[in-house]
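User: Could you walk me through some contacts and ring pairs here, and tell me what each term rests on?
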Amino acid sequence: MNKFGLYIHIPFCSSKCYYCDFNSVEFKESLLASFLQALEQEIKLIAAKYTPVIRSIFIGGGTPSMLSGQQLVTLLKQCQEEFDCQAGIEITVEANPETVTAQKLKLLKEAGVNRLSFGVQSFDDQLLQKLGRRHTSQEAIRAFKLARELGFSNLNFDLMFALPGQSLRDWEKTLIQACQLGPDHLATYNLKIEEGTIFAQQLQQGKIDYCEEELDLAMYQKTVQLLANEGYQQYEISNFARPGAESIHNQIYWKNEPYLALGPGAHFCDAQGRGYNLADIDQYCQQLAQGQLSWADYQRLSQAEKIEESMILGLRLKEGILLDQFEKKYQTSIFDLYQDELDDLLGQQLIEIKADRMKLTEQGFLLANQVLANFILT
Amino acid sequence: MGKVNQENIRNFSIIAHIDHGKSTLADRLLEFTGTISEREMEEQLLDTMDLERERGITIKAQAVRMAYQADDGEDYILNLIDTPGHVDFSYEVSRSLAACEGALLVIDAAQGIEAQTLANIYMALENDLELIPVINKIDLPNANPDKVKEELIDIGIDPDEAILTSAIEGIGIKDVLEAVVERIPLPSGEEDKPLKALIFDSLYDPYRGVISYYRVVDGAIKPGMEIKMMATDTVFEVGEVGTFSPKMKKAEQLSAGEVGYVAASIKDVKNAQVGDTITDANNPTAEPLPGYQPAKPMVFCGLYPVDGKDYDLLRDALEKLQLNDASLTFEAETSEALGFGYRTGFLGLLHMEIIQERLEREYDLDLVTTAPSVIYKVHHENGEVLMVENPANMPDKHQIEKIEEPIVEAQILLPEEYVGSAMELAQDKRGQFKNMEYLDQVRVKLTYDLPLSEIVLDFFDKLKSNTRGYATFDYEFKGYQEADLVKLNILVNKESVDALSCIVHREFAYEIGRELTKKLKENIPEQMFKVPVQAAIGNDIIARQTIRAKRKDVLQKCYGGDVSRKKKLLKKQKEGKKRMKQVGSVDIPQEAFMSVLEID
């Protein structure tokens with residue numbers, strides 16, 4: 001088993017969005033050279049350690065599209081040289097609309113990138129401003145059309161709801177606008193105000209308010225229903241796709257399969273455990289400059305930990321968990337492990353077991369945390 | 001260690017209000033006498049339970065032995081027995097004091113004498129102890145030793161005897177030690193008489209059985225001898241005796257006047273009761289020591305393990321705690337809502353909280369505690385008289401001829417300026433005014449008859465806050481008195497939850513019902529369905545609140561970097577649920593069962 005997904009973290013942004021608690025810093029030319037060098041070094045070290053076969057590549061951030069087309073192309077080339085990258089694998093690059101140019105997209109396409117994920121968030125300019133985004137809805141539309149013109153056939157929009165001041169109708173308009181453009185994939189998230197973000201400050205100062213649970217719920221239900229009507233199938237709690245356009249890379253996470261990671265603060269999961277890199281860019285670069293992997297932590301996982309992770313991740317998928325596969329992987333049956341919990345949850349109609357699989361019901365999806373907490377073993 | 005001359009032994013304890021610096025002073029005494037070096041000194045060494053340190057109060061009695069060469073050139077053994085500072089533990093204080101001839105009275109130079117200290121001073125005087133006033137924290141900028149001295153005059157203590165110290169700065173420590181040697185009487189027992197030793201504390205050691213702490217009054221105790229516990233008439237062979245330095249240190253024997261421990265392979269905790277007298281089995285003393293007035297439990301509540309499997313563990317744990325806490329009583333009871341548990345009796349609310357926390361921390365038990373209650377005398381229409389200490393066991397109202405409730409005669413000592421607000425409080429709590437008396441120019445004694453049930457809820461806390469901590473409060477059981485009481489049933493999701501029911505005066509029933517349902521709504525988290533919470537008298541619903549349904553609880557974003565964080569969150573959610581009790585299909589957290597205490 002040396003098949004892996006590969007995540008590459010580009011930790012730069014032109015500015016910090018108000019909701020963002022990711023590992024990203026303002027773009028600085030001075031950091032760039034050493035960062036790219038560190039990545040190259042990391043690719044070599046990872047190749048030596050794992051000799052991996054790569055099933056998918058996802059370049060995320062931060063804002064990967066802050067890098068020039070040439071820099072991204074070089075990065076992908078280095079991966080392809082050092083790793084065994086299977087032909088035609090899904091290669092995704094995240095892009096913010098304002099950083100997209102025709103020239104950059106052309107280069108990416110030539111380098112094998114076949115999926116773009118646009119951080120659109122909203123088609124409402126006022127809301128975009130309140131989120132601290134640097135682009136307008138028009139720029140998003142332009143970037144999307146450009147990508148289509150250049151032949152990208154697999155495009156995603158990231159959209160956010162439950163935003164401060166957003167009404168159900170506002171959200172519906174964004175969804176409709178998105179569908180009119182017709183991306184192949186949509187990921188929709190409700191806003192979570194995380195500690196240390198600008199929103200958290202604004203919340204404390206009373207400038208913004210939490211979205212009411214009822215409205216959040218209505219928005220989520222609207223999403224599921226509207227996108228279904230438009231031909232998008234929900235395949236995960238927050239992800240929708242035209243048949244066949246489900247993200248291969250992201251499904252690796254939910255199916256609890258191994259993935260490697262490059263870049264500061266990036267998380268990985270090999271067959272034995274989970275770990276992550278040093279988050280600080282300078283430290284990350286220094287460590288690699290000395291010829292060492294920049295792991296901040298690595299924990300081997302017990303059988304029980306692996307099982308609970310398979311449960312809490314797998315049940316996020318609409319198709320749920322295949323009982324046979326689970327049993328083969330862990331040499332034990334879900335029913336033996338979770339008898340009492342399953343009785344409870346089946347009784348409350350939060351999960352269902354049909355033929356070969358176990359999955360969340362519609363209600364179970366809405367209350368996923370309450371359900372999934374039951375499967376924690378450690 | 002050689003034999004100690006009885007003339008060179010001094011046994012004393014320290015009395016102080018919380019925060020007046022008792023533990024720091026004890027630390028300095030230990031350091032000064034070289035009992036422990038500074039390096040070994042963990043701050044506030046005498047408070048060994050985690051809980052004590054966190055709360056900054058001493059709960060259990062502890063003892064330590066110090067060697068000191070005084071200015072007169074003689075070597076002395078000084079036994080310091082620590083005392084708890086809170087009124088709920090006055091029973092433990094009396095135990096400690098009974099083992100001493102004197103006490104240091106520590107007073108904060110800035111705060112002066114506080115209410116709680118007074119009660120302990122009176123107790124010390126009752127025990128004929130020599131009091132040495134110590135005015136501590138004289139280093140504080142707002143220290144006012146002269147004012148404290150005036151206060152000493154008010155309570156009949158010679159202010160010229162006061163020693164000025166700053167335990168933090170190490171000022172006056174030697175003066176304290178010299179005063180202990182000079183002023184505290186030497187122990188009066190006789191070594192030639194048959195053994196007579198007073199157990200003032202015990203603890204359970206899983207390897208050695210019960211270890212008892214005692215003060216030898218007469219005679220001597222040594223390994224190999226057969227001793228008899230006079231209360232249970234059981235005989236054990238002494239395995240080891242020793243003193244505290246402050247760790248246990250073996251000794252060849254301990255004789256009259258000394259303080260130490262004994263291990264005698266005592267497996268059953270009942271055979272080493274605190275307050276019992278140890279004597280020589282082959283040459284017994286005729287009369288046991290007076291022991292202690294066992295404190296009567298006044299407050300009862302149900303203790304239930306969240307996980308029914310822990311029922312036996314809970315019993316073992318209660319037995320072990322009872323070992324050095326005779327005021328703790330318990331007996332098995334069953335609740336429809338909570339399953340099998342124990343109706344447990346305590347001295348007061350703080351005592352109850354401490355026991356609950358010790359059970360959870362030291363014995364790793366998850367518990368549900370029901371609201372405190374008292375014993376009612378219920379006259380059944382069939383002529384029977386039932387003693388009901390659990391509201392859940394109250395018969396149906398049409399079967400009740402009358403209910404009597406326990407009444408106490410309460411005495412409140414307080415400065416004149418707070419009389420008004422204390423009287424108002426007593427009135428609100430259905431108190432009947434009996435008497436008001438001026439003890440001196442400023443101190444007033446109020447006497448009220450009060451229903452005990454009103455006191456156990458939060459009377460003392462309220463009294464303290466109404467009088468800024470100056471009131472002392474004492475009560476004595478007076479008798480039973482008929483009252484117009486009703487049982488308030490609480491229904492959660494249409495099911496009556498016996499553990500939430502309470503007995504209240506009819507006049508207040510509506511108000512309490514309204515407030516209680518409101519509190520329950522706050523304390524019970526949203527479930528996956530709507531949950532009505534109702535209060536009822538008999539079948540009449542008198543108040544209702546509805547807990548909204550939890551409609552959405554989902555983390556929308558979960559990719560490769562989110563897994564560990566998400567798992568942590570789910571773990572927390574599961575832990576939280578583990579601490580709740582499932583009643584019907586509703587998860588009720590611990591705090592909800594105490595909601596009645598939160599009503600204003």
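Analyst: Happy to! Beyond its neighbours within four places in sequence, A:His185 is in contact (heavy atoms within 4.5 Å) with several residues, including A:Arg115, A:Phe157, A:Tyr235 and A:Glu246. A:His185 belongs to strand β8 (residues 185–190) of chain A, strands being DSSP runs of E of at least two residues, numbered from the N terminus. This is a predicted model, where local features need pLDDT of at least 70 and side-chain atom pairs count only at pLDDT 80 or more, while totals for chains, interfaces and linings use all residues. Residues are numbered from 1 along each chain as its sequence is written, chains are lettered from A in the order in which they are written, and side-chain values use heavy atoms, without hydrogens and water.

User: Why is A:His185 called buried?

Analyst: Its relative accessibility is 1%, and buried means under 20% relative accessible area (1.4 Å probe, protein chains only), so A:His185 counts as buried.

User: What makes A:Tyr7 and A:Phe58 a stacked aromatic pair?

Analyst: Among the 27 aromatic pairs over all chains, A:Tyr7 and A:Phe58 have 6.2 Å centre to centre and 25° between the planes.

User: How do you know that the charged end of A:Lys109 sits over the ring of A:Phe152?

Analyst: The distance to the ring centre is 5.8 Å; the rule asks for NZ of Lys or CZ of Arg within 6 Å of the ring centre and within 35 degrees of the ring normal, so A:Lys109 is listed as sitting over A:Phe152.

Methods:
Rings of Phe, Tyr and Trp (its six-membered ring) pair if their centres lie within 6.5 Å; planes under 30 degrees apart count as stacked, over 60 as edge-to-face and the rest as tilted. Helices (H or I, at least four residues) and strands (E, at least two) are DSSP runs, numbered from the N terminus. Buried means under 20% relative accessible area, exposed over 50%, partly exposed in between (1.4 Å probe, protein chains only).
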